[in-house]
Amino acid sequence: MTIQSNVDWKSDPTGSYRYYTKPIHKSPQDDRDYRLIRLENGLEAMLVHDAKADKAAASLDVAVGHLHDPDDMPGLAHFCEHLLFMGTEQYPGENEYSEYLSKNNGHSNAFTSTSNTNYFFTVATNALPGALSRFSSFFHSPLFAPSCTVRELNAVDSEHKKNHQSDVWRIFQLNKHLSKDGHQWSKFGSGNKDSLSKVGQDLKAQSLPKNGANGSADYRTPDGSLSATPLPSRVPVTLSIDELRKRVRRMRLCVIGKEPLDELSELVSKLFSPIANRGLDPLPIIHDHPFGPNEMGTLVSVETVMAFHALEISFPFPWQPPYWQHQPGHFLAHFVGHEGPGSLHSYLKQKGWVIALSAGPQNLSRGFAMFKVTLRLTKEGFDHYREASLAVFNYLSLLRDSKFPTWFQKELATIKQTRFRFAEKRRPEDYALWVTEQLTWPVPRDQVLSAPQLISEWDETNPLKVGGGERETRDMLDMLRVDRGRTVLMARKDEHERLGGGARKWEEEPWYGTGYSVEKYDEAFVKEAEGPNTIKDLYLPGPNEFIPTRLDVDKKEIEQPSKRPHLIRETALSSLWHKKDDQFWVPRAQVIVDIRNPVANESARAAVMTRLFAELVTDSLTEFSYDADLAGLSYNFGQHSLGVFVTLSGYNDKLHVLAHHVFEKAKNLQVKADRLNLKKEELRRDWENFFLDQPYRISDYFSRHILTETDFTLMEKLEELTTITPDDIQQHITKLLSKVHIRLLVVGNMYKDEAIHLTETVEQTLQSAAVPADQVVELSLSPAAGSNTVLSAPIPNPNEVNSALTYFVHTGSVVDPRLRVTSALTAQILSEPAFNVLRTREQLGYIVSCSEWQLAGAQERGLRIAVQSERAPAYLEERVEAFLEEMREKLVDMKEDEFEEQRDGLDKRWKEKAKNMSEETNRFWFYIDSGHLDFLRRDTNIEVLKTITKQDILDFFMKYIHPSSPTRAKISVHMKSGKPRPKKVDAAALPVMAELASSRGVTNIPEAWTEELTADGEALLDPVVAFWKDLLAKDGSGVSSDAAPALLADISAVADKYPAASQREGAIPESVTVLTDMEVLRARLLPSSPPKPTVEWGDLPTSKF
């Protein structure tokens, strides 16, 4: 697939690798050096030398995903991804890799997709060789230790259960399920315990008659050693090893470091050459599309868990990378997804039928794609889904019947070229991941970076010739016809049946249990959809006036970029902070305007109206701002707890034009009843749906609410939402903007006078009086010293199997430098072990997190541990406190060199530089928003960190975090699932049952009968009881039909005496206060002090405000 010539590759002097001789085409803004090499085993690697880097990264992409799983073992690729990180021959410790990264300011992750699996990490630059050594060994000498397999099977299973109530996952798998017979696309990619164990169970069943007395087969690992792991677990391990060993030619690597290219080349060659080459196709491609005649021309109605309405029309479409030069799919997406005047979105919005619209090609796997048009519908839009669908086909007919002047493509090419020319750096791990995925594109190797980011103009002389650009675009447009489409209509079951006039017959997808029904498009619909466009309001967009033309950057060489913005204007009404860009040198700017008024959040009703105000402003600006967004200039108008904010980001050339329109609209918004009603409907659904989200998000949400002084729950807001009228909103806007305090930050390619002019424009537009800054601050609530409280609440979703715990301990003031630094270092030391112990070792659940929490107002902080699990929250809290006791011992025993590693890792994190203008702006805004203004806090932290000792950490831990502390201030939120868990018994109960049955005369008990029923030392009770019922019902059981019920009752009684350890729910100690009312708990908490500047910069001659 890859377009390349061997003449462009040369061997290095040592002969250990070949390198690509042509220069890699990169952005003019990119100051990094690149080298593409190919090892003797076939592995291809892009090496990136970044002389300014303070973080290194690597990503390895394997061009095999879950579509290549064995048919009888769904989820194998995903399981391999999990198991891979559990130690290697060189580094056998299960958490050796993650611990090394954590100590060196790094982290890692991985994901399994349809046609690739990607592994990546980031780490401090000086730790790259050690990280790469550990990383590379996963791919040539993984242990795949039998002791880890059951745990990782459980982790995969927990991940699946986490997603089981997610509509995204449910509908994704349903779309795969509804493929033509035998197509790989239908596979169940994430896998679960059952799908990964089935082969092993079948093999075990087949082996029972011909093995020893206990019916178990000797199963050997690939090195020939005996394994003690249960057979169902061993089979996926062996297949994972075999699969991994086949993949080297399918691997693409990217390494980003500070080392010179020669050094990186030697390092990669040394570490990755041991991966053996098995000679397989380097890029397996699936050319067959999952849609056949039976799948096209259909309407699929889908039951959702959450309350929303949506419609998605999918068309079989060519895989897009081979069309990289003209990107016809992008061209079509530009028009179908347009939101300006005359667009499909504009028409549907005016009808009141759509909340959002998106369109474009989606590469489902290497070899085939879909073109999708997705409509997020209103309730009225759902009722008119047929007309909305026909509007889509009307627009496609309009496109087919329209001429495409060459300036259409030229405009898209200009936008992409400008974006590429001024591309800023990303986080290194994100960039490495992106590069490895692009290495699989069929493009010339010197264009592997530029091809995905640029578009060529059409052939000027004959765009309709083959390869001319327009020809391919029209060919693909012709594929978007009704007879090739499939429509998926999404809503809750009751909504479908209301629309259909009664109950219907539903089928069920096998892995998630999603209800659905399929029917063919009716003839009348097809006939209308095939016809010409009949909607006069639809037309193609005109030229984009927001494409920037002034792209000059006044670049001046400086020794050191400024570390902070400067206060250049201050009045009673506003304060303006500014920094002219002095390091990124791009024609862009970032502007934040924070407009505060106590009215915004004075009650639940006010908070709802402020949110609706922000939503309505955004809604009213859609058509005007869409072209600006396409051209690289965007805005956001949002609500926060103290008022509203506006962010403007992008090319500064026409930023002032967009800013003027945004503030004019905010000031003069006329609230229309129809748009208000639609926004109220949308908010109601979003807020109600939140309580069907992941349990840990709900427990975190309630924890945040409890710890914020002025805050209103979604339940309180929902009570107010329905009665709010247009007049209410209009009056609220007037009141909200009548008196304000404004904080502004301008960063980028704008001079002081331009920033001041922008500020004056804002003030003149709003015409607001001033509110003192100290009247619009946010405060937090904290538990009192010595308190230990649990808030207990049920999970709202009755079908959710998981519970959640959010465990919070208050660790003091942010403005105390020593306390702040000690808290941060303690959190870093605890973070990796928390994951390793609570998730990897104890297998509590897929979601485990330990991190610092900064509370509202940024005055106070604490440590938060979150766990989502099928286990009860009380048990989770027991395990968290056991972990904290274990960490006490770890801190006591920690060697000085290990402590130094942890301290050095945090030092590196605080020394990290912003990678782009957006990161720099966010850093500055954090200190302005909090009111502390200590822009050099990181430098202060670094100096304080040098003085922190291991004893300081232990003292801090024992005072603020350890459960034994008499002064610890702790709150935890327990969200408990109401879905009963299947009852389990300890495996020790099964021989007792057999002994009891034998004593009653049962003679036909099969050998090794327990193996089919037990896993992890436990057994599900229902299959055990079913086994005995079936056995006693057989002829020759030795027990009469009259005696069988009594024996079954006694067997069940045995189960009661041997409860499974996993069934234990835990207990809350009597010393802990348990509450069920959040407001009662909030009333017991202590408010933080108001924030104030911790540094006086003296930027202005005098400060009067």
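UniProt, in an unreviewed entry, lists residues 420-720 as "domain: Peptidase M16 middle/third". UniProt positions follow the numbering used here, feature names are shortened, and annotations may be inferred rather than shown by experiment. Over residues 420-720 the chain is 38% helix and 17% strand. The end C-alpha atoms of that span are 47 Å apart. Helices (H or I, at least four residues) and strands (E, at least two) are DSSP runs, numbered from the N terminus.

The model is predicted: local features need pLDDT of at least 70, side-chain atom pairs count only at pLDDT 80 or more, and totals for chains, interfaces and linings use all residues. Residues are numbered from 1 along each chain as its sequence is written, and side-chain values use heavy atoms, with hydrogens and water left out.

Two further annotations come from the UniProt record. The unreviewed entry gives "domain: Peptidase M16 C-terminal" at residues 250-407. This span is 33% helix and 28% strand, with its end C-alpha atoms 40 Å apart. The record also places a "coiled-coil region" at residues 877-904, again from an unreviewed entry. Residues 877-904 are 93% helix and 0% strand, and the end C-alpha atoms lie 31 Å apart.

Turn now to a sheet. Seven strands make an open sheet with mixed pairing, in the order β11-β12-β10-β13-β9-β15-β14. Its edge strands are β11 and β14 (507-508), each of which pairs on one side only. Two strands count as paired if DSSP finds at least two bridges between them. Strands of a sheet pair through backbone hydrogen bonds, either parallel or antiparallel.

Both senses can be followed here. Strand β9 (residues 298-303) runs parallel to strand β13 (residues 486-491), over six bridges. Within this pair, Val302 has Met490 of β13 as its bridge partner. Helix α12 (residues 385-401) packs on the sheet. It touches β9, β10 (309-318), β12 and β13, and its direction makes about 35° with that of β10. Contact means heavy atoms within 4.5 Å. Axes are lines fitted to C-alpha atoms, for helices over the stretch in contact, and angles run from 0 to 180 degrees between N-to-C directions.

Thr1014 has Ala1019 of β31 as its bridge partner.

A search of the whole structure finds seven of 30 Å³ or more. A cavity is a set of points on a 1 Å grid, over the protein atoms alone, where a 1.4 Å probe fits but cannot get out; lining residues have an atom within 4 Å of a point. Grid points are joined across faces, edges and corners, and a volume is the space filled by probe spheres set on the points.

The largest cavity holds about 50 Å³ of space. Its lining includes His334, Phe335, Trp407, Pro541 and Asp627. At least two lining residues come from each of α9 (328-336), α13 (406-421) and α19 (622-630). The largest share, three residues, comes from α13. By class, the lining has five nonpolar, four polar and two charged residues. Ala, Val, Leu, Ile, Met, Phe, Trp, Tyr, Cys and Pro count as nonpolar, Asp, Glu, Lys and Arg as charged, and the others, Gly among them, as polar.

The second largest cavity has a volume of about 40 Å³. Among its lining residues are Glu99, Lys103, Ile829 and Gln902. Helices α2 (96-103) and α26 (817-841) each give two or more residues to this lining. Two lining residues are nonpolar, two polar and four charged.

Note on methods: On a 1 Å grid over the protein atoms alone, a cavity is a set of points where a 1.4 Å probe fits but cannot get out, and a pocket is an open set with protein on both sides within 12 Å along at least five of seven lines; lining residues have an atom within 4 Å of a point.
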